[in-house]
Amino acid sequence: MANNENSRRMNDILKQFRPDHREDLIPCMQAVQDREGYISDDSMAAIGAHFGIPAIKVYGLATFYDYFTFAPVSGDVVRICNGTSCHMMGAGKLISEAEKIKQTGAGKGRSRFTLKICECQGACSAGPVMDVNGKSYIRVKPEEVRSITEKSLGREKGGEG
Amino acid sequence: MSLQAMNRETARRIIALPPSKITREEQDLLLLLRRDRCTIPVILVSESRPARVSGSNATYSAIADYISENNLSVELGRCSGKGFQQNEPFVDVQLPGKSRVTFGPVSPEIVPLILDGMINKAIPMEYALWQYRNPMHEPWDGVPFFDEIPYFSGQVRKLTRNFGLSDPASVAEYIARDGYKAFVKAISNYTAADITELVEQSGLRGRGGAGYPTAQKWQVARNTLSDQKYLICNADESDPGAFTDKALLEREPHKVIEGVAIAAYAIGASMVFIYVNASDSYSTDCIEHALSEAAALGLTGENIFDSGFNLKVQLVRSAGAYICGEETALINNLQGKRAIPRQKPPYPSEKGLFGKPTVVNNVETLFNLPDILNYGPQWYRNTGTPDSPGTKILSLTGKLKYQGLVEVPFGITLNDLVTKIGGGIRNGKQFKALQIGGPAGRCIGHEGLQLKLDYKTFAEAGIFLGSGGVVVLDEENCMVDVARYFLRFISRESCGKCIPCREGSRRMLDILNAISHRPEQGASHEPLERFKGVMTLESLAEVIKDTSLCGLGKTAPDTVLSTLRLFREEYEEHIFERKCRAGVCTDLQTYYIDMEACTGCTACAKKCPVNAIIGTPRQPFFIIEQKCTGCGICMETCKFSAVKTR
Ligand SMILES: Cc1cc2nc3c(=O)[nH]c(=O)nc-3n(C[C@H](O)[C@H](O)[C@H](O)COP(=O)(O)O)c2cc1C
Ligand code: FES
């Protein structure tokens, strides 16, 4: 059963962390986030139980940090750097452009994508920079955002959903 | 070159013994590892975040393919980023006996050009950027030397001297460049008090922002009695526009570890946490790899080099919040709590992690230590000012001709930084301001360019150096937008403990949003309200500065206040004329139709969601400004580029 599978995976993660050590809590949550891609309500309860704290406390802690997300993200990710330098080079316009595209979806299958705004990527002179599913584009102009996302997400949406 | 070239015993001998006691074969090996000598041609592709973004992996594969297709006997490897971002990806080529040449940008297409030339010993000059000086090598004609390039000649590259030369993933190459000698010398021949004394003499000050004397901080921790002491290496660097600390982890991770180990010994800490920014997996991977190499050589662990000193180093990834960089917040994070700062004193050096004396040092601070021990405090003081000795690593970005990671002596004027190193503003535009220190910093205008970059001058001028991010702005930047950018960051990152910071920064942001957006319909006192808003900004800012607990709130309003003081007329334009002269605040733009270009095709009028466009078909159309909401759809729709903004 999928459920058993989930809880076994969860236990595998949890047993690497010492229940009576509060300092292991955040690394444990990070491990869950890395493994699952997000922290589900069930994971939150399991983590809480492992460390002997209420799930709501785990949730409170998780919402404080940017690292954690609480819902699975769709496969396609468009990331735009809005670090100081990229912003000053006009990343704001790329973001509003990407937000517009996001509303209709991009590419042939009109696939929905997750838009992530990130901080300095250490490549400021090539800014503004963006990447689609890990492929980087540099010195992007606002009018190029559409063609970049359309082209990268152009394939028909496959069966995996 | 990897450690296979150097076995564990050799590595340990080279670290521990003076050069005179090293065998002939070992000397030869070091020459090879330092690339002072090569027997076959060597090709090194730069490996850094800017290189990756610019496609260095594709270049690397193209070179590998070329080598195997042509059956060449060549060593292909990696070297770290050079701190010059313009011409990435770089490729270094070194032929036996000749000096090492850097090419860039090298795209896969021009790989054959360069390699063909290299085989025939005729370098395609147009791609050669510079060559490195080395008395053992014969230089190429007509290629400038590295230190003749203005971007580099304006700098003093001491800490970063190996950047772009060695492979960060190779501990052997680090050892060949005197790596770990300082640490092993320290634990074998010096007491912890000696080391602290040396650092005291060097005058080293913390690079985390405040410039607190490092030895003094250590002294407090040393003097506090405790069974356990900790050192935390702060490499969080969550300033959204700085990359210096990440670059150190990525380009010479072993020097970070050596610095950490020296400091731990001086403080008497047997446990160190290296706290890194989780959003950047690349630098994390680099330091993680280096830690495993160091452990394998017995440079960490129990009884290091038979000195009796034990050291455990643990890598911790921050969970992503700007405030995690503040030391007491960081400690709360390490203890599994929310990263909320607390009142100081007691300072962490007296009562820190788990209540034990804990020294929190910035990673760049620690990066200075191997040099101070190897070359002595006097050598260290030769650079910089008496009050701020040494160099500072900055991320120099924005509208400059040349950008990247730069290392400058303290005491350099900001003008030299911008014009000599940065090469001035690109595309012939005018300098407007520079923003220094990230969210904790401020904007400096033309007059401020005379300022010298050192802790004393900056403290007198009330400027916080912060993490060392310098962003240069030109006439195409809107200062209201700059202020808004940092306020948005602060209001999102305020931890929420102090109400003035949490609520005040939001109200300030509301005010800035109001003046950079179109007014709502029918609000008659709008300009007056907005003007009052700006007056409120100043008093709000003062309250936040006076009443916040930590450095975040205390410095948060500085960027706003500085832009308001320096560029008041731009604020007034936004308020009274609803105009953004730089065209950045798009919400303030008004759209109009160019009568000449309009063909009267009606496409825009049909698309306009608020029916603000009127006209007769085949005649020029017209936009009613009062109705227009500025959505920009007409501009996108027009096939004749007749819709314009002003
Ligand atoms: C809001 C805030 C953010 C900070 N972020 C960092 C940071 O990212 N890196 C850092 O080294 N210090 C940061 N600091 C400074 C640290 O609190 C601390 O003073 C510093 O790490 C001490 O190191 P040093 O003595 O070597 O300078 C920050 C301080 C504040 C108030
Ligand atoms: S700000 Fe975008 S790469 Fe530095």
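Which residue forms a salt bridge with R49(B)? In this predicted model, the partner of R49(B) is D280(B), with 3.1 Å between the closest N and O atoms.

**View 1. Domain layout of chain B.** Five domains are assigned in chain B: domain 1 (3-153), domain 2 (179-380), domain 3 (391-474), domain 4 (479-577) and domain 5 (590-645). The legends below concern domain 1 and domain 2 of chain B, whose centres, taken over C-alpha atoms, lie 32 Å apart.

**View 2. The contact between domain 1 and domain 2 of chain B.** Domain 1 of chain B contributes 18 residues to this contact, and domain 2 of chain B contributes 15. Together the two domains bury about 1,400 Å², and carbon and sulfur atoms account for 56% of that area. On the side of domain 1 of chain B, the greatest losses of area to domain 2 of chain B fall on R12(B), I15(B) and R49(B), which together make up 48% of what that side buries.

**View 3. The side of domain 1 of chain B that touches domain 2 of chain B.** Helices α1 (8-16) and α3 (49-53) of chain B each provide at least two residues of this side. The largest share, 6 residues, belongs to α1(B). By residue class, this side comprises 7 nonpolar, 5 polar and 6 charged residues.

Definitions and conventions: Residues are numbered from 1 along each chain as its sequence is written. Chains are lettered from A and ligands numbered from 1 in the order in which they are written. This is a predicted model: local features need pLDDT of at least 70, side-chain atom pairs count only at pLDDT 80 or more; totals for chains, interfaces and linings use all residues. Side-chain values use heavy atoms; hydrogens and water are left out. Domain bounds come from an automatic or database domain assignment. Contact means heavy atoms within 4.5 Å. Buried area is the accessible area (1.4 Å probe) that two parts lose on being put together, summed over both. A salt bridge is a side-chain nitrogen of Lys or Arg within 4 Å of a carboxyl oxygen of Asp or Glu. Helices (H or I, at least four residues) and strands (E, at least two) are DSSP runs, numbered from the N terminus. Ala, Val, Leu, Ile, Met, Phe, Trp, Tyr, Cys and Pro count as nonpolar, Asp, Glu, Lys and Arg as charged, and the others, Gly among them, as polar.
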